Amino acid sequence: MLSFNMSEEQTITRDTVARLVKDLIIDTAHEMDEAGNIPEEYIQAAWELGASIAAIPEAYGGYDMDYSPMMNAIILEELAYGDMAFAVAATLPSMFIFPVYEMGTEEQKKKYLPLFCKEAYTPCTCAINEPGFGFDPHKLKTKAVKKNGSYILNGEKCFVPLAKESSHFLIAASCDGENSFFIADAENAGINIKKPERNLGLYSLKTYEVALDNCEIPAKNRLVGNSDCNYDKIIQKSAIAMSAIGTGVSRASYEYARDYAKERIQFGEPIAHKQSIAFMIAEMAYEVEAMRLMTWKAASMLENGKDCQRDSFLARLYAGEMSMKVTDHGIQVLGGHGFIREHPVERYYRNARGVAILHGMAIV
Amino acid sequence: MINLELSEDLKQYQEDMKVFAETVFRPISRKYDEAEHEYPQELEDLRGMKHFDRKKKSEKPADKSEPTSGKANMRGVISSEEIAWGDPSFLISIPNAGLGNVALVTSGSDEQFEKYGDKWLAMAITEPNAGSDSKAMNTTAKLDGDDWVLNGEKIFVSCADRCDAVVVMATTDKSAGKEGIRSFIVDKNSPGFTLEKLEKKMGLRGSDTGTFSMTDCRIPKDNVLGGFEKTNKNKGFKGTMQTFDTSRPMVAAMAIGVARAALDYTREVMAENSIIPDYKKGSINISSIEKDFFLMEANLEAARLLSWKAAWMADNKKPNSTEASMAKAKAGRQGVLITQKCCELLGPMGLSTKHLAEKWLRDVRVMDIFEGTGQIQHLIVARNILELSSTQLK
Ligand SMILES: Cc1cc2nc3c(=O)[nH]c(=O)nc-3n(C[C@H](O)[C@H](O)[C@H](O)COP(=O)(O)OP(=O)(O)OC[C@H]3O[C@@H](n4cnc5c(N)ncnc54)[C@H](O)[C@@H]3O)c2cc1C
């Protein structure tokens, strides 16, 4: 039935995540951004909420709960409201765990899931994005060629979060024109992790360029997929995740600007009393709402077992456009103060630029 | 539990409305665009039709088994979108389903409903000097014995010619500001009540819009909306403003419907020319036309979901004035932008009267104006979220 109301479970989960974000992240996100690091205990605290492994059966170390893309979208918005880099880092293992669980063979699941489905956060990552002009996740330039009992991978990857810290990777590559994931061990020869990247945003998330030079991966490590899940589905789910994240970042900017406008006095009254400021804030409010509803619509379709290629595409496109618009307004409301790093709106703006660009950073 | 997909019964309702719009409204759309001010006789078939009836809540069967009960607002936005997709002028011209009928249902007394329930009622708020600032209205109502005597002028009254009676807002005490404002049911043949003229408009030409003058216009004392005895209790101005919480999502849906008509048509024409939107294409590989198309689709869907949310909240008895204005602000603007972009993409086909696109562009423009302009919607949203009064944020 059509409903815009969260269930009790959804409300409780949202409130729990919101509390964690308020206690640990809101006041420290700036320091983390400056330091280029997120303290392990914060990541661990978020990990202990269990979202990444909730839907994994106990046999593999999970909690055997129902899989819910909607719940994941709710959680990601809250985490990203605190900090986008934190949202990506804290849920990063999902980008390995989910595809292996949904597309993997019994043997693959048995072997890899228990390594990460446990109480301690254990980094593992996913390499989809590629450097250079014209990247399209459906037209990967990284190639896998079958040779004897192996695949030989060649190509360049970028924005691979925690590549150096991870023991395992999922690597996206095209094999005979078909896009696939390959499970790789960090020890595998031919995986060359370069030095940490320095990007426009997400300062506190360590990301790396990774070169694949004749990287040989056993044939049994290919994630073949099935009728329920394949590479495209994972891209769809990560598109919805990114729109949830975009919603969270935008909401943070909106709320900060809203509160600031009521405090800041110019010409003898709060700037919020001026229409040109107030209308920008009104627009920020309804665009945040619209982004969230677009995300929820796509997540609903996924939850109801429908094809969501169109809706996930539109949700992400919308979030990409609107998170730039909203976070841009956020800076304008603060004027020159919005350009100074002490105010979070500048970080929201830099981070939001990634919403339309980054693929496979999170999943619902 | 959040679920943004329509339930089966609402989907069916949507489907029925679409068929209706396609078979009844579309074929006569151009005809009445050209025959401005002529009443579309074809609409007579809709008088009193179940889909559009404006019954009093107390008269509605409390039949819980009816699948769509308690979804009146959702049905409202769905039918508005579908019918406006067919032709928005006709949506405004459905007999006995005028804005005045809505006011009668929400604020009329039982006796008034008995008398006017089967009539077509227009609504007259706007005056030459009171548009967005409706509480500045100057039309006066004075009690004289058993009559009210009305004086003033009302402009831009939808269905002015077609209606049977008009719900006129007037002030009983100018010094009391909006507290002094009341609504009055005025029969068209009341003495001193004159339809002065019908406007010639850019669009919505299939819907008539007119000016009424009132010169010592006399109506019975009991015709104050809500009944004379109850006048002190009736909500007057505030009551009318509250009906906006249900009507604004519907006007939003109307804008969405017209924009969707333009977008659907553009999609068809693109397909005939082998441009099929591919939702898997990377942003680097899409053409400018495709990018425009995707953005329009996304904005349309965003506006629709905002209007659904506002309507759903009204159905679930949640205060929704912020959400209703959000939906109207977004949809009013996007309706215009999308339709105008479609005309651009269609090129000569978007200008020629051989096709309906140019008509939709003319029709949709007013959706960002009536029922509160885009600016007024922003004002309402901003006041609500910033917690500012109307003197702090003017
Ligand atoms: C086809 C049509 C049908 C209509 N049907 C009806 C009807 O049935 N009944 C009825 O009563 N009325 C009806 N109207 C009137 C309609 O509701 C008004 O036109 C509308 O409310 C705007 O008022 P206005 O035209 O006087 O514009 P104004 O109020 O003069 O506005 C002019 C401009 O100033 C802006 N503005 C005004 N105040 C502010 C502010 N405080 N802050 C920022 N900007 C502001 C407006 O947004 C607008 O851009 C209809 C109008 C049309 C065109």
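**Notes on the model**

1. In helix α5 of chain B, the buried residues are B:G100, B:N101, B:A103, B:L104 and B:V105. Buried denotes a relative accessible area under 20%, exposed one over 50%, and partly exposed anything in between, with a 1.4 Å probe and protein chains only. Helices (H or I, at least four residues) and strands (E, at least two) are DSSP runs numbered from the N terminus. The cover over the buried residues of α5(B) includes α6 (110–116), β1, β4 and β5 of chain B, where contact means heavy atoms within 4.5 Å.

2. The model is predicted: local features need pLDDT of at least 70, side-chain atom pairs count only at pLDDT 80 or more, and totals for chains, interfaces and linings use all residues. Residues are numbered from 1 along each chain as its sequence is written, chains are lettered from A and ligands numbered from 1 in the order in which they are written, and side-chain values use heavy atoms, with hydrogens and water left out.

3. Strand β4 of chain B (residues 165–171) is largely enclosed by the rest of the structure, because seven of its seven residues are buried. In a regular strand the side chains alternate between the two faces of the sheet. On one side of β4(B) lie B:A165, B:V167, B:M169 and B:T171, and on the other B:V166, B:V168 and B:A170, all of them buried.

4. How does β4(B) pair with strand β1 (residues 121–124) of chain B, and over how many bridges? The pairing is parallel, over four bridges; two strands count as paired if DSSP finds at least two bridges between them. Within this pairing, B:A122 has B:V166 as its bridge partner. With strand β5 (residues 181–187) of chain B, β4(B) pairs in the antiparallel sense over seven bridges, and there B:M169 stands opposite B:S183.

5. The largest nonpolar core has 213 residues, and A:F86, A:F181, B:M74 and B:L150 touch the most other members. Such a core is a set of buried Ala, Val, Leu, Ile, Met, Phe, Trp, Tyr and Cys residues joined through side-chain atoms within 4.5 Å. Helix α9 of chain A (residues 275–303) gives the most to this core, with 19 residues. Beyond its neighbours within four places in sequence, B:M74 is in contact with A:L2, B:L6, B:L10, B:W308, B:A311, B:W312 and B:D315.

6. Between the chains, 52 residues of chain A are in contact with 44 residues of chain B. The buried area is about 4,700 Å², with 66% given by carbon and sulfur atoms; this is the accessible area (1.4 Å probe) that the two parts lose on being put together, summed over both. In chain A, A:L2, A:F4 and A:Y286 lose the most area to chain B, together 17% of what that side buries.

7. Eight salt bridges are found across the interface of chain A and chain B, each a side-chain nitrogen of Lys or Arg within 4 Å of a carboxyl oxygen of Asp or Glu. One of them joins the side chains of B:E297 and A:R310 (2.8 Å, N to O).

8. A:F267 has a positive phi of about 55° and lies in the loop between β9 (265–266) and β10 (269–270) of chain A. A:F267 is exposed, at a relative accessible area of 78%. B:N96, with phi near 65°, is found in the loop between α4 (88–92) and α5 (99–107) of chain B. B:N96 is buried, at 11% relative accessible area.
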